Amino acid sequence: MELLTDQSHHFDIPPDIIYLNAATMGPLPITAAKAGDMGLRRKLYPWEITSNDFFKVTDSIRPKLARLINADMDSIAICPSASYGLATAAQNLDIRPGQSILVLDDQFPSNVYTWRAVAERAGAIIKTIDNRESNASLSDRLLDAIDASTAIVTCGQVRWTDGALIDLEAVGKRAKEVGAALVVDLSQSCGALDFDIEKVKPDFVVCVGYKWLLGPYSLGFAYIAPEHRNGRPLEQNWIARRGSEDFTQLTNYQDDYGPGATRFDMGERSNFALMPAFEAAIDLILDWGIDRVEATLAARNRDLCRKLTELGLATPSEAERGPHYVGATLPGEAPIDLVGRLAKRNIFVSQRGRCLRITQHLYNNDRQIDVFLSALQDELAVAEV
């Protein structure tokens with residue numbers, strides 16, 4: 001497969017900035033910013049906004065979001081956040097007293113708090129899976145924990161703190177064997193790592209748009225499996241009802257919802273600024289091809305991990321981490337303000353615990369990585385003195 005070349009021309013990143021923090025927030029592509037600006041400016045002239053405009057952009061983006069995960073268009077709901085999608089899943093999954101909900105150690109808070117509330121209401125048990133005292137991978141530990149008492153397995157494709165990879169195909173198969181539901185948060189992988197609904201067969205998928213999808217904040221999507229599409233939405237908004245396209249008949253109240261997963265759409269989904277920006281970002285990713293994005297970042301991160309190891313930082317094996325994600329364990333003498341020190345050099349990474357999270361993208365290049373590694377070596381050397 002031909003790897004992608006430097007794609008920095010799609011972004012407005014100054015040449016002196018080295019941004020290695022896509023896992024926190026991906027920069028908006030220039031085309032997306034222009035589309036969002038044009039959409040926002042439409043509100044200057046509201047008399048030009050027609051009833052059809054409330055439906056046009058969501059009808060256009062829904063099949064593109066489905067393509068990201070090899071799903072059907074009717075499975076996609078528009079959400080403002082991962083927590084919204086997770087709350088939707090929680091409202092539509094059954095759990096009995098004494099059953100267990102499996103989460104990962106250091107899982108993202110929204111994907112823990114949601115299930116703690118569910119467990120408290122249902123009299124269920126939260127089981128946290130980790131591999132700190134084991135030679136097994138986090139993925140293997142999760143697989144071993146799924147048993148007849150498991151009601152729900154909820155996790156990401158990679159763990160957000162360090163990029164630990166979860167074998168979701170195996171997890172999905174095992175969950176189905178015991179009758180457990182699978183809820184997947186793709187916020188830290190969708191757009192940069194292959195995911196196939198048909199192979200994993202989850203019950204629900206949630207994803208924010210502002211990280212690896214390079215979209216705006218406060219907008220994302222959810223996948224709803226066919227067996228859950230007649231479920232209960234979080235909101236009872238007008239636009240999700242059958243026949244809502246005809247504004248003259250909105251007071252002819254309808255009990256029926258629109259087709260597919262649209263009943264789960266958030267209210268005011270027709271955001272005239274955010275939706276065009278989101279669609280432009282998705283268009284760019286689909287044009288690149290997720291398989292090519294993944295392969296390109298995998299090659300770059302393979303080389304980065306080798307160089308980090310030479311500096312004395314431990315990195316997971318390639319089999320145990322997402323190919324787009326590098327989490328390097330810092331030595332004990334590393335400065336506590338390392339991220340801030342690097343930021344003063346215009347180098348932007350993040351740190352979660354003792355893990356330095358380095359998440360480059362297609363706007364980065366070899367020169368930037370070399371500058372980052374040199375600065376990192378300098379800061380670690382200062383700390384040792």
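What is the relative accessibility of R345, and does that count as buried, partly exposed or exposed?

A: R345 has 39% relative accessibility and counts as partly exposed. Buried means under 20% relative accessible area, exposed means over 50%, and partly exposed lies in between, with a 1.4 Å probe and protein chains only. This is a predicted model, in which local features need pLDDT of at least 70, side-chain atom pairs count only at pLDDT 80 or more, and totals for chains, interfaces and linings use all residues. Residues are numbered from 1 along each chain as its sequence is written, and side-chain values use heavy atoms, with hydrogens and water left out.

Start with the partner. R345 forms a salt bridge with E379, and the closest N and O atoms are 3.0 Å apart. R345 sits in the loop between α10 (338-344) and β10 (347-348), while E379 is in helix α11 (residues 366-384), so the pair ties together parts 34 residues apart in sequence. A salt bridge here is a side-chain nitrogen of Lys or Arg within 4 Å of a carboxyl oxygen of Asp or Glu. Helices (H or I, at least four residues) and strands (E, at least two) are DSSP runs, numbered from the N terminus. E379 counts as buried, at 8% relative accessibility.

The whole structure holds 22 salt bridges. E279 is buried, with a relative accessible area of 12%.

A local case comes next. E310 and R306 form a salt bridge whose closest N and O atoms are 3.1 Å apart. The two are four residues apart in helix α9, so about one helical turn separates them. E310 counts as exposed at 58% relative accessibility. R306 is partly exposed, at 42%. Both belong to a network of salt bridges that links D303, R306, K307, E310 and D370.

Now an arginine without a salt bridge. R321 is buried, and its nearest side chain of opposite charge, E318, is 4.9 Å away. Lys and Arg count as positive and Asp and Glu as negative, while His and the chain ends are not counted. R321 is placed in the loop between α9 (290-310) and β9 (326-329). A polar atom of the R321 side chain lies 3.4 Å from the backbone oxygen of Y325.

Two surface patches follow. D140, D144, D167, E169, D194, D291 and E320 form a negative one. Patch members have over 30% relative accessible area and no salt bridge; like charges are joined within 9 Å, and nonpolar side chains (Val, Leu, Ile, Met, Phe, Trp, Tyr) within 5 Å. The place of a charge is taken as NZ of Lys, CZ of Arg, CG of Asp or CD of Glu. D140 is in helix α5 (residues 138-145) and counts as partly exposed at 39% relative accessibility.

The other patch is nonpolar. L44, Y45 and W47 form it on the surface, with about 380 Å² of accessible area together. Accessible areas come from the Shrake-Rupley method with a 1.4 Å probe, and for residues, only the protein chains shown count as cover. L44 lies in the loop between α1 (30-41) and α2 (53-68). L44 is partly exposed, with a relative accessible area of 46%.

Backbone angles come last. Most residues other than glycine have a negative phi. D106 has a positive phi, near 65 degrees, and is not a glycine. D106 is in the loop between β3 and α4 (110-122), and at 36% relative accessibility D106 counts as partly exposed. K201 also has a positive phi, about 55 degrees. K201 is in the loop between α7 (197-200) and β7 (204-208), and is partly exposed at 44% relative accessibility.

Technical notes. A polar contact is a pair of N or O atoms within 3.5 Å; within protein, one must be able to donate a hydrogen and the other to accept it, and residues adjacent in sequence count only if both atoms are side-chain atoms.
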